[in-house]
Amino acid sequence: MYATHTPVDHAANYLVRAGITAPSLFNTQPWQFVAREAELDLYADPARLLPLTDPDAREMVISCGAALFNVRLAMRHLGFLPVVRPFPDPWNPAHLARVSWGSYVPPGSDEELMFRSVRQRHTHRGPFHSSLLAQPLIHELRDHADAEGAELHTVGSRSERTHLADLVRTAERAQRSHPGHVAELASWTRASHGSRPDGVPLEVCPYHPDCTALPDRDYLGIARTMPSPPAVWPTRTGLVALITTQQDSRQDWLRAGQALQRVLLWATVHGVAAAFHTQPLELPRLRAEVRAAIPSGQFPQMILRLGHAAGGRPLPRRSAASVLSAG
Ligand SMILES: Cc1cc2nc3c(=O)[nH]c(=O)nc-3n(C[C@H](O)[C@H](O)[C@H](O)COP(=O)(O)O)c2cc1C
């Protein structure tokens, strides 16, 4: 225990302020942090689980993994090596990681670039510009996923991409016609920023969800009244990719989240944004089909599109104070 406003308190706040900018499913921000002397504990918040979309909490752990990467990066920015113990309490699966301060090593330039991008990264929805990602950047993104113990599998061939798009479409159709799913999505969709600091505001969904090759979630419920999009841009879908892991344990999900965030931040450094299409990974039969199409046989954890796009809007976040307590 320590008194409030000690240096440790300020440091924990600093780390958590970076952590909370991470992406999360439906912007649920399913994390809780506890600052103990010289340590920061990360917990998944079961009250923010989506029972229909994410019953196993896989995407919840991935979201928290992304927040964990940001915490590690903020520690590097301050010049310390993070020492991470994943799942430190075998009796509490919600206790995802304990991060403590390691030795002093000045941050590298790549780490600094990524840290500066933490607040510039925003999820994209809709078409990208038609320019392609440079090959060297794709290699670098693969290396970043690799460094976190995951893989970035790019979906290169036309047939592989068509097959994945079909699976996304099948999943999206199933979720659009399932009243429980529609209600769950609606309960995390906001008509405007309003006063709630979570959920997805509708103004970040300016396009019909079916306007690229991979259908998006129908946050607006627009496909009910307008089943066909007024315009489609299949050539502006961007680079389709998956984050995959060797196994499918909670440890792998936490790794996938850290790899995801590292890839997203390195992409942001290079002016590249990401859109997500995780719907088929939420239905076991379709997830098995996605996996069957991956040559390495790894487990698919995220489906994304990468491309160039203008701007991007920040979504609301719960404050650091509301997700951080002293232990
Ligand atoms: C595990 C996970 C799954 C996601 N799936 C989708 C998705 O299928 N469709 C989508 O539009 N956004 C998806 N997102 C993005 C979130 O909606 C987004 O991160 C959140 O609204 C916060 O916005 P920001 O990323 O712009 O900060 C996903 C994010 C995570 C971490």
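Residues are numbered from 1 along each chain as its sequence is written. Because the model is predicted, local features need pLDDT of at least 70 and side-chain atom pairs count only at pLDDT 80 or more, while totals for chains, interfaces and linings use all residues.

The chain is divided into two domains. Domain 1 covers 7–122 + 317–326, and domain 2 covers 135–308. These bounds come from an automatic or database domain assignment. The C-alpha centres of domain 1 and domain 2 lie 22 Å apart. Across the boundary, 32 residues of domain 1 are in contact with 28 residues of domain 2. Two residues are in contact if their C-beta atoms, placed from the backbone, lie within 7 Å. On the side of domain 1 that touches domain 2, α2 (58–77) and α3 (109–117) each supply at least two residues. Helices (H or I, at least four residues) and strands (E, at least two) are DSSP runs, numbered from the N terminus. Helix α2 gives the largest share of this side of domain 1, eleven residues. By class, the side of domain 1 that touches domain 2 holds 17 nonpolar, nine polar and six charged residues. Here Ala, Val, Leu, Ile, Met, Phe, Trp, Tyr, Cys and Pro count as nonpolar, Asp, Glu, Lys and Arg as charged, and the others, Gly among them, as polar.

Phe 69 is placed in helix α2. Phe 69 counts as buried because it has 27 C-beta neighbours inside 10 Å. A residue is buried if 20 or more other C-beta atoms lie within 10 Å of its own, exposed if 12 or fewer, and partly exposed in between; C-beta atoms are placed from the backbone. Not counting residues up to four places away in sequence, Phe 69 touches Gln 258, Gln 261 and Arg 262. Phe 69 and Arg 255 are 186 residues apart in sequence, yet their C-alpha atoms are 9.3 Å apart in space.

Helix α4 comprises residues 135–147. At 1.5 Å a residue, its 13 residues should span 18 Å, which agrees with the 19 Å between its end C-alpha atoms. The expected span is 1.5 Å times one less than the number of residues. Leu 141, His 144 and Ala 145 are the buried residues of α4. They cover an arc of only 100° around the axis, so they sit on the same side of α4. The arc is that of the directions from the helix axis to the C-beta atoms. On the other side of α4, Gln 135, Pro 136, His 139 and Ala 147 are exposed. The buried residues of α4 pack against β5 (151–154), β8 (239–245) and α8 (250–269). Gly 149 follows α4 and has a positive phi, near 80°.

The ligand is surrounded by 20 residues, and the closest are Pro 23, Asn 27, Glu 59, Thr 123 and Phe 276. A residue is near a molecule or strand if its C-beta atom, placed from the backbone, lies within 6 Å of it. At least three residues of the shell come from each of domain 1 and domain 2. Helix α2 provides the largest share of the shell, four residues. By class, the shell has eight nonpolar, eight polar and four charged residues.

Most residues other than glycine have a negative phi. Gln 29 is not a glycine, but its phi is positive, about 50°. Gln 29 lies in the loop between α1 (7–19) and β1 (31–36). With 27 other C-beta atoms within 10 Å, Gln 29 is buried. Ala 57 also has a positive phi, near 70°. Ala 57 is found in the loop between β2 (39–44) and α2. Ala 57 counts as buried, with 21 C-beta neighbours inside 10 Å.

Two further loop residues were examined. His 277 is in the loop between β9 (272–276) and α9 (284–292). His 277 has 26 C-beta neighbours inside 10 Å and therefore counts as buried. Leaving aside neighbours within four places in sequence, His 277 is in contact with Val 168, Leu 214, Asp 216 and Ile 303. Arg 313 is in the loop between β10 (299–308) and α10 (320–323). Arg 313 is exposed, with 12 other C-beta atoms within 10 Å. Leaving aside neighbours within four places in sequence, Arg 313 is in contact with His 122 and Val 204. Arg 313 and Val 204 are 109 residues apart in sequence and 7.0 Å apart in space, C-alpha to C-alpha.
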